[in-house]
Amino acid sequence: MATYTTYDTVGIKEDVSDIISNLSPTKTPFQTMIGSETTRARTFEWMEDSLRAVQVNAAVEGADASDATLTPPTLRDNTTQILEKTIKVSATEDAVDQYGRAKETAYQLMKAGEEVKRDLEHQLVGLSQAKVVGDSSTARKFASANSMVTTATNRWYMGAATPLGGTTGTAAALTETALLGIGQAAYNVGAEPSVFMIKPADALIVSGFTGASGRSRVFNDGAKTLVNVVDLYVSPFGEYKVVLNRFQKTTDAWLLDPTMWKTVWLRKWTREPLAKTGDASKNQLIGEVGLKHKNYAGDGLIVNLT
């Protein structure tokens, strides 16, 4: 007699976990570490200034006063950019019982919030984007962080004959020489960066820096733990916290002063219910934001990395 098994059964209950696992990364380090402010216009402006170079300053006794050459501050500006995601869910989809979420619209809005936050991190540090003023048929775009670090004193070009303020050479891997070079350049102009923000692959290079060798590796016989990471790099020009960013431009490494940067919001993230056109609900998650770099010489940027 043939054995009756589950392969012959009709009506076995499904066993579906009531949890939805999502492993996609959501941390946005640059947004998290910098400040924010608001604006009431799509184009916002700010000013930066610096002191003249030091010079020999000795006056003849009794001499007439001579007029100094004065320079005005530099006026900077950027524009806001609209980021959005629109979801449309049928009324039936929201009515049925589902595993892992009470209502599909709420679940999709939660996902959309994480997605547009990641999009913003990409816009800020994941690309080199020039400002686009836009018009009725062209979307506005804010200048990204990369395009705001332009002076010769704070860009280090890997592979160039003259790396500091040079021109792009053959792309090369990150080196400790580059970090110390851009750190010294930032120090010389008065900047005080405190964060070394790198892509995850470059963390392997940093853990092998000569200056860290033998000091970042600790073997504890009791805990049997091997530590091979650099969380804080102490240089002659300052201490830099090492921060990994999955969304930054892979050819860049940042020496940042977070106090020099702000996101500038014209409209914070908002859920806008859109007009119904049938048996479905339509919601738009939208925000409008720009980026301010309070002083273009306040940070260091290593570019042209492999």
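The legends below describe close-up views of a predicted model.

**View 1. An open sheet of four strands with mixed pairing.**
Read across the sheet, the strands follow the order S1-S12-S13-S4. Strand S1 (35-38) and strand S4 (81-90) stand at the edges, and because each has a single partner strand, one side of each is left without a neighbour in the sheet. From one strand to the next, the twist in this sheet averages 30°.

**View 2. The pairing of strands S12 and S13.**
Strand S12, which covers residues 261-274, and strand S13, which covers residues 280-293, run in the antiparallel sense and are joined over eleven bridges. As a general point, strands of a sheet pair through backbone hydrogen bonds, in either a parallel or an antiparallel manner.

**View 3. Helix H3 on the sheet of four strands.**
Helix H3 (residues 104-125) packs on this sheet, where the helix touches S4, S12 and S13, and the direction of H3 makes about 160° with that of S4. The helix has 22 residues and reaches 32 Å from its first C-alpha to its last, which is close to the 32 Å expected at 1.5 Å a residue. The buried residues of H3 include Tyr107, Leu109, Ala112, Val116, Leu120, Leu124 and Val125, and among them are also Glu104, Glu121 and Gln123.

**View 4. An open sheet of six strands, again with mixed pairing.**
Here the strands are arranged in the order S5-S14-S11-S6-S10-S9. The edges are taken by strand S5 (155-157) and strand S9 (232-235), each of which has a single partner strand, so one side of each is left without a neighbour in the sheet. The twist in this sheet averages 20° from one strand to the next.

**View 5. Strand S9 and its pairing with strand S10.**
Strand S9 and strand S10 (residues 238-244) pair in the antiparallel sense, and four bridges connect them. Within this pair, Tyr233 stands opposite Tyr240 in S10.

**View 6. Asn304, in the segment after strand S14.**
Strand S14 spans 300-303, and Asn304 is found in the segment that follows this strand. The phi of Asn304 is near 70°, a positive value in a residue other than glycine. For context, most residues other than glycine have a negative phi. Asn304 counts as buried because its relative accessibility is 15%, where the cut-off for buried is under 20%.

Definitions and conventions
Residues are numbered from 1 along each chain as its sequence is written. This is a predicted model: local features need pLDDT of at least 70, side-chain atom pairs count only at pLDDT 80 or more; totals for chains, interfaces and linings use all residues. Side-chain values use heavy atoms; hydrogens and water are left out. Helices (H or I, at least four residues) and strands (E, at least two) are DSSP runs, numbered from the N terminus. Buried means under 20% relative accessible area, exposed over 50%, partly exposed in between (1.4 Å probe, protein chains only). Two strands pair if DSSP finds at least two bridges between them. Axes are lines fitted to C-alpha atoms, for helices over the stretch in contact, and angles run from 0 to 180 degrees between N-to-C directions. Contact means heavy atoms within 4.5 Å. The expected span of a helix is 1.5 Å times one less than its number of residues.
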